[in-house]
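Hi,

Here is the structure I promised to pass along.

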Amino acid sequence: MKRYIIIIFLFFSLLKIFAQERQPITLNIKQAETLFLENNLELLATKFNVDIADAAILQAKLWDNPSLSIGDVNLWSTSLQREGEDQVIPPLFGSFGKNTEFSVELSQLIQTANKRGKLIRREKISKDMASQEFEETLRGLKTELRKTMQDILYSQSYVTVLSNQQKYINQLVESFRKQVQSGNVAKSELLRLQSSLLELENEINEVHTTLNDQEKTLKIFLNLDTFIKVEIVDNQISSRDPETIVLLTLFDIADEARPDLKLRKLQTSFHQKSLDYERSLRVPDISLSANYDRHGGVWKNFVGFGVSIDLPFFNRNQGNIKAAKATLAQNELLVRQQQNLVRQEITNSYNNYIYAYRFYEKIKENSLLSELDSMLDVYMKNLLNKNISMLEYIDFMDTYRANKGTILNARKQLNMQFEELQYTVGTDIK
């Protein structure tokens, strides 16, 4: 009985899996980005760094705990030890503590030179740095996501092109097979057509393999189930004319938007606060204490107070202060280096986008390329009517496929370069 139950369970599980595979999710680019912000595990994990930085601020605000020590306790006393004493030490309560002396001390460390406040301010900058690290992770992942979707759109469109060709060649193969049986067409013609079809089907399989890898990457970005098939719908607006984009304006936007640049500037502030904190450590802290001694001296119950402080004769934190100064000067140079890098990246991406835009606009203006799809039917009829040779038809199909691939790739590169430009600027270009 158990065996049948297991078989039935596996059967329905497989049905569920197959049902999932047959029901793809269709997403446009905006919907995919919304899912990404809600579900991406790497992004969600990075966000916890801000909470960790909040906890560090909370910890910096806490005072040092007071210290309680009990000492000089005699656990037993003999008559020989008490010989010559005029009186017996009374118990604390009941019979506990009779003939027992002890001391109790309570001490509290007091930080000087506003060390605690300086440490809090440094940790607050650490939180700002964690926020910018999150923004930097978001910037990189979002760009990768958008590029992955552009890859998928290209693969989906190219598969459609190849499948359309496959449909026409399949029709021709069936027609030529009948012609061969009737003796009207040589077998070599059919063989050449079938060979072209095999090459086409092999390319379709290769594109499907690439598409599967791209969908895998996308599902990792969106944290989707393995058995879900994702289809991306292209709903992008027209490309932005680079003539309307001012390069110097992009520099100004990047100065305010690039998380890595803001992070580098925050690191300068962090090192400045670290220098302030290290300098404050030159001032020794004070420790206040209060102690009680029971029968440990001339007084039966002695209560005293004390103050302790380190004498900064040898160690005035000179090494750490020198290191903090060097780190601050080093980071100031790195900020300038980062600013230069940002401008170079923006300029390079801007130029690449101009090239991609001009090439795609040139393709769109070519009326012959836009008529390729309508020529498929024309060439098939001409081949059947023997107005063109098989070699001419195969050459046209290869040319059709190459030109369609060029058009789709030019469009993909245009979108890719625009995403790269937005990545280097650090925000979406409005």
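Let's start with E420, which is partly exposed at a relative accessible area of 23%; by the cut-offs used here, buried means under 20% relative accessible area, exposed over 50%, and partly exposed in between (1.4 Å probe, protein chains only). Its partner is K147, and the two side chains meet in a salt bridge with 2.5 Å from N to O. A salt bridge here is a side-chain nitrogen of Lys or Arg within 4 Å of a carboxyl oxygen of Asp or Glu. K147 sits in helix α4 and E420 in helix α11, so this pair links distant parts of the chain, 273 residues apart. K147 is partly exposed too, with a relative accessible area of 24%.

Before I go on, a word on where this comes from: it is a predicted model, so local features need pLDDT of at least 70 and side-chain atom pairs count only at pLDDT 80 or more, while totals for chains, interfaces and linings use all residues. Residues are numbered from 1 along each chain as its sequence is written, and side-chain values use heavy atoms, with hydrogens and water left out.

Next comes R146, which counts as buried at 10% relative accessibility. R146 has a salt bridge to E419 (3.1 Å, N to O), again connecting helix α4 with helix α11 across 273 residues. E419 is buried, as is R146. R146 also forms a salt bridge with E33, where the closest N and O atoms are 2.5 Å apart. Since R146 lies in helix α4 (residues 115-182) and E33 in helix α2 (residues 29-39), that pair ties together parts 113 residues apart in sequence. E33 is buried as well, at 17%.

The whole structure has 21 salt bridges.

Helix α11 (residues 390-425) also holds N409, which is partly exposed at 30% relative accessible area. The C-alpha atoms of N409 and S155 are 9.6 Å apart, although 254 residues separate them along the chain.

For the overall picture, the chain has 11 helices and 6 strands; these are DSSP runs numbered from the N terminus, helices being H or I with at least four residues and strands E with at least two. Of the 430 residues, 36% are buried. Among contacts (heavy atoms within 4.5 Å) between residues at least 6 apart in sequence, 82% join residues at least 24 apart.

Cheers
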